[in-house]
Amino acid sequence: MAPHAPPPVSPPVSPPVSPPASPPVSSGTSPKPPPTLAASATGIAGDEADSRSAEQWLQSLHTERGGLRGEEARRRLEQYGANALPQARRSGLRKLLRHFWGPIPWMIEAAALLSALVRHWADLAIIVALLVFNAGIGFWQEAKASNALDALRKQLAPRCRALRDGAWDSIDAATLVPGDIVRLRLGDVVPADLRLLDGDGLDVDQSALTGESLPVQRGSTQPVYAGSTVRRGEMSAVVWQTGTRTYLGRTAELVRKAGAVSHFQRAVLEIGDYLIGLSIALAVLLVLVELQRGMPWVELLQFALILTVASIPVAMPAVLSVTMALGALALAKEKAIVSRLEAIEEMAAVDMLCSDKTGTLTLNRLSLGESLLLRAADLPTLQLHAALASQAGDGDPIDEAIEAARPQAPAGWSRSRYRPFDPVGKRSEATWQDAQGGTLLVSKGAPQVLFDLCALEPQERAAAAQWIEDQARRGMRTLAVASRQGAAAWGLDGLLALLDPPREDSARTIAEARAHGLQVKMITGDNLAIAREIAGRIGIGRNILAADEVFGAQAPDADDLAARIANADGFAQVFPEHKYRIVRALQDAGHRVAMTGDGVNDAPALKQADVGVAVSGATDAARAAAALVLTAPGLSTIVQAVEQARRIFERMNSYAIYRITETIRIMVFVVLAMLLYGFYPITAVMIILLAFLNDLPIMSIAYDRTAVDPDPVRWDMRRVLTVSTVMGLSGTVGSFLMLYLALDWLHLPLPQVQTYVFLKMAVAGHLTLFVSRSRGAFWSRPYPAPVMLWSTLLTKAAATLLCAWGLGLVAPIGWLDIAFVWGYALLWSLLTDAAKRAVYRRLAHASPGHRRFLDLLRQRLHPHAR
């Protein structure tokens with residue numbers, strides 16, 4: 001795991017203490033089920049009452065401090081199973097059968113039963129085929145979405161550091177077994193129930209398990225539980241329980257969280273409810289009127305059921321889930337892994353991006369620059385003391401820069417204690433013994449923290465602060481080094497400058513983000529001067545505020561605070577709790593906020609943000625709290641993710657407009673035609689065939705090409721309802737005109753009139769799909785994806801051949817009639833497209849009073865829409 005990205009003036013989390021030198025590796029027999037299992041069943045209090053020593057714990061688990069051999073670990077994995085909670089999985093047959101159960105399948109099944117009662121065998125065969133077809137499509141799309149999510153979960157699988165075959169390695173946490181030796185550090189999520197062994201103690205957040213609001217302190221031989229988070233410290237531990245035998249496994253129901261429905265999903269599902277209600281209301285009206293006219297009730301009820309099924313959005317759940325899942329896979333290719341599918345929708349609406357500086361806007365690749373000697377005799381002494389307060393070999397960029405320049409340590413020195421960096425104390429500390437038995441304490445960290453530690457005189461502090469200011473103007477980070485001999489007072493050895501230059505693509509990415517309607521704010525723990533220098537270089541701006549100016553004792557009132565936060569280009573000297581307050585303030589001002597973070601203390605802000613983003617190298621705790629996990633450094637990945645999210649949003653928006661339009665076009669026309677003319681304008685079989693022909697191209701929406709909106713996009717129900725209503729009524733008028741031409745101009749017999757109307761609705765329905773996918777002319781770029789184009793062409797060709805040959809399902813018509821209907825449908829689609837563009841123009845220039853009227857109308861039509 002990568003180290004915690006520090007505030008710029010302080011070192012990041014130092015790597016863990018090296019493992020014991022050449023400990024024996026356990027290759028003994030597999031242990032019996034750990035004898036602690038019975039004790040652990042009594043709960044946390046019972047676990048903590050166990051007073052065995054570390055050596056007794058190792059002996060009871062048949063392991064040693066050198067860890068397990070790989071072969072022994074594999075044998076125990078077979079014995080105990082994976083270190084994971086079981087996931088409920090239904091068999092494929094049960095998943096398939098579930099698609100035959102529910103309100104929509106019930107209506108189709110009732111229509112099939114009524115067809116059998118009136119001996120309409122052709123209707124029965126097609127209705128059963130529709131039922132099987134819908135179930136098959138739903139099952140296939142559900143499987144595709146499930147497979148996509150499984151692939152994403154594998155990329156987010158937690159990992160841990162374990163001692164196997166005498167070497168530390170990063171392994172999949174699911175492969176841990178009782179007896180494994182692991183290393184815990186700041187920000188780690190505890191991978192199993194463990195007993196602590198060596199180290200200076202941990203502060204562990206167990207709130208997810210026990211509800212305790214404050215971290216608890218843990219030391220050698222004490223238990224820590226799977227799912228808790230390390231807040232401070234670093235220790236080795238032995239795995240005690242795994243999988244379902246952990247405390248988390250036994251209380252899984254207490255910590256399981258129900259998935260929340262996002263704003264966009266809720267809006268789409270409410271559209272479905274609205275369409276179902278409209279369809280059923282029109283069907284009931286039709287049945288009541290036609291029964292009064294003496295129509296046979298069984299035949300009428302069968303027709304009404306079929307009409308309702310064809311009008312409601314049967315394919316909506318499949319289209320929604322597949323579009324989201326395929327979008328998540330596309331984001332994964334851009335090095336952005338989605339942990340919640342709903343985050344894609346939220347990301348499309350994000351208008352405020354709060355970004356870390358270190359490693360995101362800068363390279364996070366440090367090198368030592370100039371130095372200021374204070375108490376240190378010379379530069380090698382200063383660099384040596386900095387190195388003695390570091391831990392090399394675990395990827396910490398500050399420690400790596402120091403190690404690269406460190407002089408040779410004196411012979412005979414040994415380290416007896418090490419306290420790693422933490423984001424609260426902002427320094428690391430180590431205790432060393434020299435060859436003569438003397439004690440040297442060394443510390444490195446944020447200058448302001450070590451100034452206080454060493455109790456600098458005001459004159460010394462002012463001189464050091466001026467040097468730091470000079471370095472900051474050149475974009476340098478600054479690190480302070482202090483030491484003391486034995487019980488003497490701390491003294492400031494000096495200051496080291498470190499350079500972390502901006503990434504080459506940062507300025508370009510900031511410009512691209514602004515072109516996409518995103519405001520970018522830089523959030524950093526660095527001091528104010530460095531933050532302004534870097535922000536100015538990359539084009540964010542130099543209006544950077546110090547966090548204590550905004551949130552300190554002299555902070556402005558709530559209204560002024562919100563205004564200052566919104567107007568600032570960024571914030572410096574930020575602590576994790578400041579991030580949370582910044583997010584809340586921006587959300588209260590109406591912004592949709594994406595916040596980046598990498599440390600355990602960033603988790604509250606990541607959870608509060610509309611889209612929490614764990615940057616590359618983030619701790620397990622940050623990854624668990626984030627909705628989006630980046631696997632590549634830099635800000636460009638987030639901008640690419642925003643683009644992809646907006647494309648997905650546009651696909652769903654197009655689908656919503658298309659579905660409302662089709663319901664109005666089919667349901668309103670058929671019901672009104674029957675009420676006005678007294679006969680079926682199309683037959684029940686034709687309605688079923690329309691449902692078939694429309695469902696196939698709909699599935700291709702998930703693959704469609706869409707334009708990227710230059711601004712953040714939010715669900716606008718007023719626009720969707722207005723556009724789809726105008727398009728639906730246009731299609732209804734076109735169908736009535738076709739009915740009039742066939743009856744009163746061409747004087748066709750009723751069966752051929754029905755074929756005319758059927759072909760017109762089939763061709764025009766697919767053209768509606770193209771009209772609804774664009775706000776401009778439907779033939780403009782971006783062109784439809786090949787899969788959408790070919791699926792619509794093939795289904796239209798099938799409808800055309802059916803009308804030419806009849807096949808016992810429809811009355812056949814000639815090729816000249818077919819050409820006439822095609823030409824009419826194309827012409828009417830052009831008129832519908834012109835009406836659509838006029839509505840979009842009108843909405844774009846609507847007066848405030850007109851917008852209020854439309855909002856009121858929307859609320860009356862659909863009071864729960866967001």
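This is a predicted model: local features need pLDDT of at least 70, side-chain atom pairs count only at pLDDT 80 or more; totals for chains, interfaces and linings use all residues.

Analyst: Residues are numbered from 1 along each chain as its sequence is written, and side-chain values use heavy atoms, with hydrogens and water left out.

User: How many salt bridges does a search of the whole structure find?

Analyst: A salt bridge here is a side-chain nitrogen of Lys or Arg within 4 Å of a carboxyl oxygen of Asp or Glu. Searching the whole structure with this definition gives a count of 24.

User: Is Asp452 buried or exposed?

Analyst: Asp452 pairs with Arg461 in a salt bridge whose closest N and O atoms are 2.9 Å apart. Buried means under 20% relative accessible area, exposed over 50%, and partly exposed in between (1.4 Å probe, protein chains only). Arg461, at 29%, is partly exposed. Because its relative accessibility is 53%, Asp452 is exposed.

User: How many residues apart are Arg775 and Glu650?

Analyst: A salt bridge joins the side chains of Arg775 and Glu650, at 3.4 Å from N to O. This pair links distant parts of the chain: Arg775 lies in the loop between α29 (750-772) and α30 (786-805), Glu650 lies in helix α26 (residues 636-677), and their separation is 125 residues. Helices (H or I, at least four residues) are DSSP runs, numbered from the N terminus.

User: What separates Arg837 and Asp833 in helix α31?

Analyst: The side chains of Arg837 and Asp833 form a salt bridge, 3.1 Å from N to O. Arg837 is partly exposed at 24%, whereas Asp833 is buried at 0%. Both belong to helix α31 (residues 815-844) and are 4 residues apart, so the separation is about one helical turn.

User: How many disulfides does the search find?

Analyst: A disulfide is a covalent bond between the sulfur atoms of two cysteines. The cut-off used is a pair of cysteine sulfur atoms within 2.5 Å. Cysteines in the model include Cys160, buried at 6%, and Cys803, buried at 0%. The number of disulfides found in the whole structure is 0.

Definitions and conventions. Helices (H or I, at least four residues) and strands (E, at least two) are DSSP runs, numbered from the N terminus.
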